[in-house]
Amino acid sequence: MKTIMMRNFCNCLLVWVFAGLSTLAQAATVNGLYTAEMLVPEQHAQPSDVQLQAGLKTVLIKVSGRSAVVNKPAVVNALQQPAAWLSQFSYQATQTPVAAGDGREVLGQRLLLEFDPVMIDQLLNKSAMKAIGHARPVILVWLAQQRGAAGRDFVSQESPIYAELRQQADLRGLPVSVPLLDLDDQNAVDVSDLWGFFREPVLHASARYQPDGVLIGRLVQGGSGAWQTEWLLLKDGQARSFSPSGSLSEQISQVMNETADFALASLGASSFNYVETGLQLEVANIVEIEDYLQLLDYLRQLPPVDAVRVSGVDADRVLFRVEIQGGIQALEQAIRLNPRMTAMSRVHTGAEAVYSYRWQQ
């Protein structure tokens, strides 16, 4: 019950926070860029080179935003000794079956690999590439399907198809959102509009979500169970169409890779110049909307604070960007004079510190 209440709070808080913040409407903060996870059949004292190579590739692609990074000579050399870039690893038991090497099926272990951010960034620099940061463009995905003799219909948010799509997007560090498909959406756009790739009604219906790009997919499942799909990506006044092949999972992977390569490439272009500035401040124990409103008012009234922007919400934690005068020392002194927040341990995302506090209700 507590988990459900927290999820509902986060949803409500996101509505409150982002409704009036146009500067954030075109970006989302992506965390975990320097980590990779995979399902493995058993634990070992050290991950295998094959697992480390797969994890290092995933991280380099996420951090750089380019799938072609794995072909760079410096990266090819690094993949020969992937353990050199590893910071730490851990295992977590799951209830998900996975095939063992001897043909058995066992409950899988989730292997989490964390790579050193500084070393990863240096490797990218050596490859004439760079880390593109945590602020990423958001792609809104509309899907329509036709299964056998059934009529065409929207693909619901709860569909395994969307789950697969999110998983593939996460591997690329690309934020995706899904339409609510409520009455407003269904009045604004029809399934036939998606099926025909009619841009005007789809873009009109998408405007309420303020995405950076829109991806439309039409999916047909034949009598044999095989899928055929076609896709259209609209971003920055440009259009890209995709007709992938293989299983449905393989097709979604191809499309998300193509979408990420195109969407993230624009981070270096003038059409997407969102830059996060200010200190990163994470505040925990925000469990009600009223807590958030009090916290925001408190931060804005601190003497050294010039501006406060929300850049992320995760469970009971809110991540802010705070513009201040006088550096972190001035902020810490102001908080000590009116201690509604208790300092917690400092963490780092890449080379950037995150100052963590707990809100006192």
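A residue is called buried when its relative accessible area is under 20%, exposed when over 50%, and partly exposed in between (1.4 Å probe, protein chains only). By that scale phenylalanine 89 is partly exposed, with a relative accessible area of 27%. Tyrosine 91, at 18%, counts as buried.

The model is predicted: local features need pLDDT of at least 70, side-chain atom pairs count only at pLDDT 80 or more, and totals for chains, interfaces and linings use all residues. Residues are numbered from 1 along each chain as its sequence is written, and side-chain values use heavy atoms, with hydrogens and water left out.

Phenylalanine 89 and tyrosine 91 also form an aromatic pair. Rings of Phe, Tyr and Trp (its six-membered ring) pair if their centres lie within 6.5 Å; planes under 30 degrees apart are stacked, over 60 edge-to-face, and the rest tilted. Here the centres are 6.1 Å apart and the planes make 85 degrees, an edge-to-face pair. A search of the whole structure finds two aromatic pairs.

Now turn to an open sheet. Helices (H or I, at least four residues) and strands (E, at least two) are DSSP runs, numbered from the N terminus. Two strands pair if DSSP finds at least two bridges between them. Three strands make up this sheet, in the order β2-β4-β3, with antiparallel pairing. β2 (35–40) and β3 (86–99) each have a single partner strand, so one side of each is left without a neighbour in the sheet. Neighbouring strands are turned by 20 degrees against each other on average, direction ignored. Such angles are taken between N-to-C directions and run from 0 to 180 degrees; axes are lines fitted to C-alpha atoms, for helices over the stretch in contact. Six bridges link β2 to β4 (residues 105–115). Alanine 36 has leucine 113 in β4 as its bridge partner. Helix α2 (residues 49–64) packs on the sheet and touches β2, β3 and β4. Contact means heavy atoms within 4.5 Å. The direction of α2 makes about 140 degrees with that of β2.

Strand β9 (residues 213–221) comes next. Eight of its nine residues are buried. Nine bridges join β9 to β6 (residues 139–147), and these two run parallel. Nine bridges also join β9 to β10 (residues 227–235), but this pair runs antiparallel. β9 and β10 form a hairpin with five residues between them. In its turn, glycine 225 has a positive phi of about 95 degrees.

What is the bridge partner of alanine 144 in β9? That partner is arginine 218. The charged end of arginine 218 sits over the ring of phenylalanine 197, 4.1 Å from its centre. The rule is NZ of Lys or CZ of Arg within 6 Å of the ring centre and within 35 degrees of the ring normal.
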